[in-house]
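Please look at the chain shown below and follow it together with the text. The paragraphs proceed from the strands to the helices, and then to a few single residues.

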Amino acid sequence: MNNFNFQNKTAIRFGKNVIDTELHDAVAQFGQRVLLVFGGGSIKQSGLYDRVRDALADLEVVELSGIAPNPKIDSVRAGQDLVKTHDIDVVLAVGGGSVIDAAKVIASSKFYDADPWDLVVASSKRYEIAQLPVVDILTLSATGTEMNVGSVISNPETNQKLGTGGPNSPAVSFLDPTLTFSVSPWQTAAGAIDIFSHLTEQYFDQTPNDVTSGMMAGLYRAVIKNAPIALANPNDYDARAALMWASTMALNGLVDVGNTNGWTVHPIEHELSAYYDITHGVGLGIMTPRWMQRSLSAETQPRFAQFGREVWGLTGDDATVAQGAIQATFDWIKSLNVPTTLPGVGITDDTHFDAMANSAVTVGHLDQAAYVTLQPQDVVALFQAAMTDDGFVK
């Protein structure tokens, strides 16, 4: 285990109807002028919008709606204009990961006088300036952004989807599992796969330790068990609660302490959603089993075997369990009724494979810092492998 520093200052308010009793004071402690950031019309259809506006009735609320999946830099630019024009004190994000990701960068952009895309390309700039406090109400279990400093922002003009970090995680995050009852089967599945992928990026590391390995194995098992339950019965509170808390715990920094390697599948998938604007979690589900196949070797086999035993409950010799764990991962993803190939999400040719592979290696430092290092040709091979389900038992 490597040396590490760990601190997370996000206050979590978890449970049914906590926003009705606690939202006002959580926001008002930072000031009277609020930027309310949200996506489409779902929070209005569900009644959540009215509950939020009622709770903040005595505050000055400015709205920014229309935050899209794979949040776009244009929305951040619009937010920058609002936080400056109205001298906003606090940003309230109501939605899933895309809304919260955008809100964090908007919170930094108040204190930056140029294009906020600069803050994405070079996130070190965000540590040199202040950041407005962010409060969020989570409506989708997936990204873990509700308790970390990261954001991912897309720029369609440049075919870039980049991660950026800031000095602060959200100040307060409201996690009410009932708000996810209305999440579609597609987004429920995609969110569960995203959580699974976050764990995978951290579990497969050159310096694993028993403490975090055990924590991640428990989180894995919770996601594997409860995603099908939530799909079959969307109003199952316990299943939704398990997915929501697993989402948060998977990426609040706790299970990453002492690790060595950077992430691999996320930089690769970011290229797919930058070029094709596909659903992030579904793209991860397509690429993760292929990455596992590519990464299995005599050197990595013991870790894959441990993954098979701790997570999937498999038995047998290392070689059998390691291969079985990869097949079990593929089977679970397929069971969630999402596509398992690139043509399944509309990517039917290799036009951009070389460009995406080169960018993934450069941005993700996959040739240097990955669990198993990759060159651009290796990433192209992963894309090609993802064109069919060959290599997996159907």
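In which sense do strand 5 and strand 8 pair, and over how many bridges? In this predicted model, strand 5 and strand 8 run in the parallel sense and are joined over four bridges. In general terms, the strands of a sheet pair through backbone hydrogen bonds, either parallel or antiparallel.

This pairing belongs to a wider arrangement. Six strands form an open sheet with parallel pairing, and their order is 1-8-5-4-2-3. Strand 1 (11-14) and strand 3 (60-64) stand at the edges; each has a single partner strand, and therefore one side of each is left without a neighbour in the sheet. On average, neighbouring strands of the sheet are turned by 20 degrees against each other, direction ignored.

Strand 1 is joined to strand 8 by four bridges, and the two run parallel; here Ala-11 has Val-172 in strand 8 as its bridge partner. Strand 8 pairs in turn with strand 5. Strand 5 (residues 134-138) then pairs with strand 4 (residues 90-95) in the parallel sense, over five bridges. Within that pairing, Leu-92 has Val-135 of strand 5 as its bridge partner.

What covers strand 8 on its two faces may be judged from its residues. Val-172 and Phe-174 lie on one side, Ser-173 and Leu-175 on the other, and all of them are buried, so that both faces of the strand are covered. Leaving out residues up to four places away in sequence, Val-134 touches Val-91, Ala-103, Lys-104, Ala-107, Pro-170, Ala-171 and Val-172. The C-alpha atoms of Val-134 and Leu-92 are separated by 5.9 Å, although the two residues are 42 residues apart along the chain.

Helices lie across the sheet. Helix 3 (residues 48-55) lies across strand 2 (33-38), strand 3, strand 4 and strand 5, and runs at about 175 degrees to strand 2. Helix 9 (residues 237-250) lies across strand 1, strand 5 and strand 8 (172-175), and its angle to strand 1 is about 175 degrees.

Helix 9 also has a helical partner. Two packed helices are described by the angle between their axes and the distance between the axes. For helix 7 (residues 185-203) and helix 9, the angle is about 35 degrees and the axes are 10 Å apart. The crossing of helix 7 and helix 9 is left-handed. On the side of helix 7, the contact is made by Thr-188, Ile-195, His-198, Leu-199 and Gln-202, and on the side of helix 9 by Arg-240, Leu-243, Ala-246, Ser-247 and Ala-250. Of these contact residues, five are nonpolar, four are polar and one is charged.

Strand 6 (residues 150-155) and strand 7 (residues 160-165) run antiparallel and are joined by six bridges, with Gly-150 opposite Gly-165 in strand 7. The two strands form a hairpin with four residues between them, and Asn-159 in the turn has a positive phi of about 55 degrees.

Is His-270 buried or exposed? His-270 is placed in helix 10 (residues 265-276), and it counts as buried because its relative accessibility is 12%. Apart from neighbours within four places in sequence, His-270 is in contact with Val-152, Lys-161 and His-280. Ala-370 lies in the loop between helix 14 (353-364) and helix 15 (376-385), and its relative accessibility of 6% is why it counts as buried. Ala-370 touches Asn-261, Gly-262, Thr-264 and His-365, residues up to four places away in sequence not being counted.

An unreviewed entry gives "domain: Alcohol dehydrogenase iron-type/glycerol dehydrogenase GldA" for residues 10-177, a span that is 32% helix and 25% strand. The annotation "domain: Fe-containing alcohol dehydrogenase-like C-terminal", also from an unreviewed entry, covers residues 188-387, and that span is 66% helix and 0% strand.

Methods
Residues are numbered from 1 along each chain as its sequence is written. This is a predicted model: local features need pLDDT of at least 70, side-chain atom pairs count only at pLDDT 80 or more; totals for chains, interfaces and linings use all residues. Side-chain values use heavy atoms; hydrogens and water are left out. Two strands pair if DSSP finds at least two bridges between them. Axes are lines fitted to C-alpha atoms, for helices over the stretch in contact, and angles run from 0 to 180 degrees between N-to-C directions. Contact means heavy atoms within 4.5 Å. A crossing is left-handed if the near helix is turned anticlockwise from the far one by less than a right angle, and right-handed if clockwise. Ala, Val, Leu, Ile, Met, Phe, Trp, Tyr, Cys and Pro count as nonpolar, Asp, Glu, Lys and Arg as charged, and the others, Gly among them, as polar. Buried means under 20% relative accessible area, exposed over 50%, partly exposed in between (1.4 Å probe, protein chains only). UniProt positions are given in the numbering used here, feature names are shortened, and annotations may be inferred rather than shown by experiment.
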